[in-house]
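The sequence and the structure come before the description.

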Amino acid sequence: MDVFDAIHRRRAVRRYLPHQIGRDDVYRILDAANWAPSAMNRQQWEFLVVTGERVREMGENFHAIAREYIQGRDSPEAPGSSPIADEELLRFALTYGGAPVVIVVLTDAADAPNMRKANLESASAAMENLLLAATALGLGTCWMTGPLQDERALRTCLRIPDDKGIVAVTPLGFPDEVPPVKPRHGPGPRAERAVGGVTSGPAGICEA
Ligand SMILES: Cc1cc2nc3c(=O)[nH]c(=O)nc-3n(C[C@H](O)[C@H](O)[C@H](O)COP(=O)(O)O)c2cc1C
């Protein structure tokens with residue numbers, strides 16, 4: 001699968017088969033993540049590969065966050081305004097969709113303040129590489145920051161020290177669904193503003 005196929009085929013997968021994933025595949029995926037660009041090539045990221053009982057515990061925490069989020073809303077969400085219905089969210093949250101593995105991406109939070117943004121961006125690049133590599137191997141993922149809403153619980157569950165920042169979480173497993181394609185802006189001339197002869201569109205096309 002070439003990179004364009006992987007980019008177009010990747011979906012946020014929220015239902016997984018219980019099949020285990022080979023260790024080699026996990027290593028290949030993490031290796032791809034490590035090949036992301038990083039500020040000053042510092043590679044200030046770490047990956048926690050979580051399985052078994054810890055995934056169950058993470059699911060309980062995430063389920064509590066999802067429940068609170070749904071109950072705390074003033075009014076029900078307008079149909080289509082959320083990528084996932086409430087019932088589906090609760091089911092997904094409790095077990096991370098049944099994924100056998102959850103990967104947590106960390107960054108260095110103790111670095112100099114002027115490096116923190118760069119470190120977050122570097123770790124995000126690693127995260128995207130991870131997602132695309134998983135797609136190329138026929139595996140599903142879902143970039144998630146929702147579980148960070150109760151960061152304390154996540155830190156306690158996974159024994160993450162305060163000098164590590166939590167960037168994102170993704171389940172990893174064989175998909176048990178084909179999620180719908182979400183619409184995207186095209187790269188066409190949806191020109192929005194022109195600045196000194198340069199026109200920029202939402203997909204980053206710039207024409208002099
Ligand atoms: C920074 C970020 C945070 C996200 N957090 C969550 C999340 O907490 N829970 C979730 O179910 N999906 C989450 N998503 C997935 C998006 O909902 C999904 O990527 C988007 O709806 C587009 O769908 P697609 O990835 O299938 O194309 C997140 C995505 C990103 C990039």
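The model is a predicted one. The secondary structure of the protein chain comprises six helices and seven strands, and from the N terminus the elements follow one another as α-α-β-α-α-β-α-β-α-β-β-β-β. Of the 208 residues in the protein chain, 26% count as buried. Among the contacts in the protein chain with a separation of 6 or more, 80% are between residues 24 or more positions apart.

Four strands form an open sheet in the order S1-S2-S4-S3, and their pairing is antiparallel. The edges of this sheet are strand S1 (45-51) and strand S3 (140-141), each of which pairs on one side only. Strand S2 (residues 101-108) and strand S4 (residues 164-173) run antiparallel and are joined by eight bridges, whereas S3 and S4, also antiparallel, are joined by two bridges. S4 is mostly covered, since nine of its 10 residues are buried. The table lists residues that face a partner in S4.

| Residue | Partner in S4 |
|---|---|
| Valine 102 | Proline 171 |
| Threonine 141 | Leucine 172 |

Helix H3 (residues 53-72) lies across S1 and S2 and runs at about 100° to S1. H3 is also included in what covers the buried residues of H4, and these buried residues are Leu89, Phe92, Ala93 and Thr95. Just after H4, tyrosine 96 adopts a positive phi of about 55°.

The largest nonpolar core has 37 residues, of which Val102, Val104, Val105, Met127, Leu130 and Leu172 touch the most other members. Two or more residues of this core come from each of helix H2 (23-34), S1, H3, helix H4 (86-95), S2, helix H5 (113-136) and S4, and H5 gives the most, with eight residues. Valine 105 is one of the residues that touch the most other members of the core; when its neighbours within four places in sequence are left aside, valine 105 is in contact with Trp45, Phe47, Ala123, Ala126, Met127, Val167 and Ala168. Leu172, another of those core residues, is the bridge partner of threonine 141.

Glutamine 20 lies in the loop between helix H1 (3-9) and H2. Glutamine 20 and leucine 172 are 152 residues apart in sequence, while their C-alpha atoms are 9.9 Å apart in space. Is glutamine 20 buried or exposed? Glutamine 20 is exposed, because 11 other C-beta atoms lie within 10 Å of its own, and a residue counts as exposed if that number is 12 or fewer.

The remaining topic is the ligand. Which residues surround the ligand? The ligand is surrounded by Arg11, Ala12, Arg14, Pro83, Ile84, Cys142, Trp143, Met144, Thr145, Gly146, Pro179 and Lys182. By class, this shell around the ligand is made up of seven nonpolar, two polar and three charged residues.

Note on methods
Residues are numbered from 1 along each chain as its sequence is written. This is a predicted model: local features need pLDDT of at least 70, side-chain atom pairs count only at pLDDT 80 or more; totals for chains, interfaces and linings use all residues. A residue is near a molecule or strand if its C-beta atom, placed from the backbone, lies within 6 Å of it. Ala, Val, Leu, Ile, Met, Phe, Trp, Tyr, Cys and Pro count as nonpolar, Asp, Glu, Lys and Arg as charged, and the others, Gly among them, as polar. Two strands pair if DSSP finds at least two bridges between them. Two residues are in contact if their C-beta atoms, placed from the backbone, lie within 7 Å. Axes are lines fitted to C-alpha atoms, for helices over the stretch in contact, and angles run from 0 to 180 degrees between N-to-C directions. A nonpolar core is a set of buried Ala, Val, Leu, Ile, Met, Phe, Trp, Tyr and Cys residues joined through C-beta atoms within 7 Å. A residue is buried if 20 or more other C-beta atoms lie within 10 Å of its own, exposed if 12 or fewer, and partly exposed in between; C-beta atoms are placed from the backbone.
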